[in-house]
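Please read it alongside the sequence and the coordinates.

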Amino acid sequence: MGTIDLRAAADENSIADLRSQVHQLPCCIRFDGPADVSHFFKPQSSDVEIDGVRTEEAHFRGRKLQGATISLPSGYSGFVLGQASNLNANGKRKASMPAEENQCWEVKAKFDNLTYWNHDSLPSKDDTFLRSFHWFSIAEALHKPVKVEDLVAVSHCGKDKI
């Protein structure tokens with residue numbers, strides 16, 4: 001079990017702002033380390049506009065990608081988490097944190113938009129990635145408290161039809 005510390009997210013100056021720098025690529029990269037991404041990955045705006053969204057074009061490992069930058073839905077924020085240090089100011093392990101049992105994560109950066117990419121097709125409202133955003137409104141409706149007035153209104157509608 002672990003914890004996530006979101007306190008840094010409240011302080012705008014303490015974390016990096018990754019606006020327009022987060023990308024969802026349709027591939028798996030088996031590398032975990034630093035890379036000079038900006039030297040090789042150079043998205044460019046294209047002249048194509050679909051559903052009011054300007055598309056972008058890039059190449060990754062010789063394959064053409066077509067993407068679009070979208071904003072996160074209202075009321076949602078994106079965060080990049082990193083493992084919190086379990087060392088105190090003196091460089092010693094904190095007594096309250098056992099070595100590997102409770103991992104603590106903290107906010108390292110935030111973003112409010114991202115660019116998603118397709119391999120062989122232009123971005124569209126029917127893309128699986130964009131359709132997954134519909135879950136936000138469904139989840140909100142499912143978890144919204146039900147008022148007595150709503151129940152009464154529904155029950156009266158049912159009696160009229162009988």
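**Aromatic pairs and strand pairing**

Phe-129 is partly exposed, at 23% relative accessibility. The model is predicted. A search of the whole structure returns 6 aromatic pairs.

Phe-41 and Phe-60
- Phe-41 and Phe-60 pair edge-to-face, with 6.3 Å centre to centre and 80° between the planes.
- Phe-41 sits in the loop between helix H2 (37-40) and strand S4 (44-50), and Phe-60 in strand S5 (residues 53-60), so this pair ties together parts 19 residues apart in sequence.
- Phe-41 is buried, its relative accessible area being 9%, whereas Phe-60 is partly exposed at 22%.

Phe-129 and Phe-133
- The aromatic pair of Phe-129 and Phe-133 is tilted, at 5.5 Å centre to centre and 55° between the planes.
- Phe-133 has 19% relative accessibility and counts as buried, because the cut-off for buried is under 20%.
- Phe-129, at 23%, counts as partly exposed.
- Both residues belong to a cluster linked by ring pairs, together with Tyr-76, Tyr-116 and Phe-136.

Pairing around strand S8
- Strand S1 (residues 2-5) runs parallel to strand S8 (residues 103-111), and 4 bridges join them.
- Thr-3 has Cys-104 as its bridge partner in S8.
- Strand S2 (residues 16-17) also runs parallel to S8, joined by 2 bridges.
- Asp-17 has Lys-110 as its bridge partner in S8.
- Strand S7 (residues 78-83) pairs with S8 in the antiparallel sense, over 6 bridges.
- Gly-82 has Glu-106 as its bridge partner in S8.

Note on methods
Residues numbered from 1 in each chain as written. Predicted model: local features only at pLDDT ≥ 70, side-chain atom pairs only at ≥ 80, totals over all residues. Heavy atoms only, no water. Pairing = 2+ DSSP bridges. Phe/Tyr/Trp six-rings, centres within 6.5 Å; stacked < 30°, edge-to-face > 60°. Buried < 20%, exposed > 50% of the residue type's maximum accessible area, 1.4 Å probe, protein only.
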